[in-house]
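Good morning, and thank you for making time for this item. I shall go through one model, beginning with a strand pairing and ending with a pocket.

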Amino acid sequence: MKRLSLLPLFAVTLFAAGCSWVKPTERAAEVRVAEAADVTSCRKVGTSTVSVLDNIVGVPRSYRKLSTELATLARNEAVILGGDTVVPVSEIVNGQQMFEAYDCQPDEGGAVTLPYQP
């Protein structure tokens, strides 16, 4: 009988582990996620460490889901820092990752070009 009562809890846990609760702000939706080579002519505006739950009730969440949510949080932080591009500078460890934020918008004196990103 105990096994049957745990089944709904297990199903809800698996469902929750696949859900994403992190949403970009309106301005963060315009912030790019790039690689270090893409920001060589950009101005660094700050660094942020973001974190999400890496497991729910002992069920590990997928790397892809963690990566997406962490990038979204970093993009939200970039807006606060005055950036328009973020670059991951660490691996994901225990649901935590460090990003650097950059301002890659052209200044009045010149243009900054970034590689095409679909």
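Predicted model: local features only at pLDDT ≥ 70, side-chain atom pairs only at ≥ 80, totals over all residues.

**The sheet and its surroundings**

Residues are numbered from 1 along each chain as its sequence is written, and side-chain values use heavy atoms, with hydrogens and water left out.

As to terms, helices (H or I, at least four residues) and strands (E, at least two) are DSSP runs, numbered from the N terminus. Two strands pair if DSSP finds at least two bridges between them.

Strand E5, residues 85-88, and strand E6, residues 96-103, run antiparallel and are joined by four bridges.

What is the order of strands in the open sheet? The four strands follow the order E1-E5-E6-E2, with mixed pairing. Strands E1 (32-33) and E2 (43-51) are the edges, each pairing on one side only.

Why is E6 described as largely enclosed by the rest of the structure? Because six of its eight residues are buried, that is, under 20% relative accessible area, with exposed meaning over 50% and partly exposed in between (1.4 Å probe, protein chains only).

Across E1, E2, E5 and E6 lies helix H2, residues 63-81, running at about 140 degrees to E2. Axes are lines fitted to C-alpha atoms, for helices over the stretch in contact (heavy atoms within 4.5 Å), and angles run from 0 to 180 degrees between N-to-C directions.

Within strand E2 we find Thr47, which counts as partly exposed because its relative accessibility is 41%. Leaving aside residues up to four places away in sequence, Thr47 touches Leu81, Met98, Phe99 and Glu100. Thr47 and Pro88 are 41 residues apart in sequence, and their C-alpha atoms are 9.8 Å apart in space.

Finally, the pocket. Twelve residues line the largest pocket, with Glu30, Val31, Gly83, Asp84 and Gln105 nearest its centre. A pocket here is an open set of points on a 1 Å grid where a 1.4 Å probe fits, with protein on both sides within 12 Å along at least five of seven lines; lining residues have an atom within 4 Å of a point. The lining divides into four nonpolar, four polar and four charged residues.

How values were computed
Nonpolar A, V, L, I, M, F, W, Y, C, P; charged D, E, K, R; others polar.
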